[in-house]
Amino acid sequence: MLDNAPRGTIVIEDLAVGMMRSLRKVVTDEDIEMFAQVSTDRNPVHLDDAYARDTIFEGRIAHGMLTAGLISAVIGEQLPGHGTVYLGQTLRFLAPVRPGDMVTAEVEVTAIDYAKRKVTMETRCLVDGKKVLTGEAIVLAPSAKFD
């Protein structure tokens, strides 16, 4: 399930500090398997129930970068949206995401350098209202003047 706001672009000239967008998605076994296939990260903590039960997580978890990818989806599809170029992202993983969890990915504009078209955003993912990932993204936003 993907609950995503309308896609498109908010150009730098229309951005303001405090703007926020989000999406919600249930992370499925199929998502985890596909991410393992694409990334070649086949760590058994993500794929093997028996192995994962004996870890500190006491069960399988999604790849952290799969969860972080939901932030990328918000940035690339909603805020600022199409034409945005990622310049950097920090990530802090606070809790595991498990198969079946509904993840809410949120992005909020915290600073804008209009002259350089750089936008700084607080990023976070939550499961049941609890933060599982936090970070900060810096992007180059599209402009109505150039794009």
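Is Asp29 buried, partly exposed or exposed, and what is its relative accessible area? Asp29 is partly exposed, with a relative accessible area of 36%, where buried means under 20% relative accessible area, exposed means over 50%, and partly exposed lies in between (1.4 Å probe, protein chains only). The structure is a predicted model, in which local features need pLDDT of at least 70 and side-chain atom pairs count only at pLDDT 80 or more, whereas totals for chains, interfaces and linings use all residues. Residues are numbered from 1 along each chain as its sequence is written, and side-chain values use heavy atoms, with hydrogens and water left out.

Salt bridges are considered next. Under the rule that a side-chain nitrogen of Lys or Arg lies within 4 Å of a carboxyl oxygen of Asp or Glu, the count comes to 6 salt bridges. Side chains of opposite charge can pair when their charged atoms come close. One of these bridges joins the side chains of Arg60 and Asp29, at 2.3 Å from N to O. This pair links distant parts of the chain, since Arg60 belongs to the loop between α3 (49-53) and α4 while Asp29 belongs to helix α1, 31 residues apart; helices (H or I, at least four residues) and strands (E, at least two) are DSSP runs, numbered from the N terminus. In contrast to the partly exposed Asp29, Arg60 is buried, with a relative accessible area of 13%. A further salt bridge is formed by the side chains of Lys25 and Asp31 (2.6 Å, N to O), and both Lys25 and Asp31 are buried.

Glu106 and Arg124 also form a salt bridge, with their closest N and O atoms 2.6 Å apart. This pair likewise links distant parts of the chain, Glu106 lying in strand β4 (residues 102-113) and Arg124 in strand β5 (residues 118-127), 18 residues apart. Glu106 is buried at a relative accessible area of 16%, and Arg124 is buried at 9%. Both residues belong to a network of salt bridges that links Glu106, Glu108, Glu122 and Arg124.

Helix α1 (residues 29-39) has Asp31, Ile32 and Ala36 as its buried residues. Seen down the axis of α1, these residues fall within an arc of 135°, so they line one face of the helix, the arc being that of the directions from the helix axis to the C-beta atoms. An α-helix has 3.6 residues a turn, so residues three or four places apart point the same way. The buried residues of α1 pack against β2 (20-26), α2 (44-47) and α4, with contact meaning heavy atoms within 4.5 Å. The face turned away from this buried side carries the exposed residues Glu30, Gln37 and Val38. After α1 comes Thr40, whose phi is positive, near 65°.

Helix α4 (residues 64-77) contains Met65, which is partly exposed, with a relative accessible area of 48%. Together with Leu91 and Phe93, Met65 makes a nonpolar surface patch of about 280 Å². Thr84, in the loop between α4 and β3 (85-93), is buried, with a relative accessible area of 18%. A polar atom of the Thr84 side chain lies 2.6 Å from the backbone oxygen of Gly81. Apart from neighbours within four places in sequence, Thr84 is in contact with Ile75, Val139, Leu140 and Pro142.

Patches are made of residues with over 30% relative accessible area and no salt bridge, like charges being joined within 9 Å and nonpolar side chains (Val, Leu, Ile, Met, Phe, Trp, Tyr) within 5 Å.

Technical notes
Areas by Shrake-Rupley, 256 points an atom, 1.4 Å probe, with all protein chains shown as cover. Polar contact = N/O pair within 3.5 Å; in protein donor to acceptor, adjacent residues only side chain to side chain.
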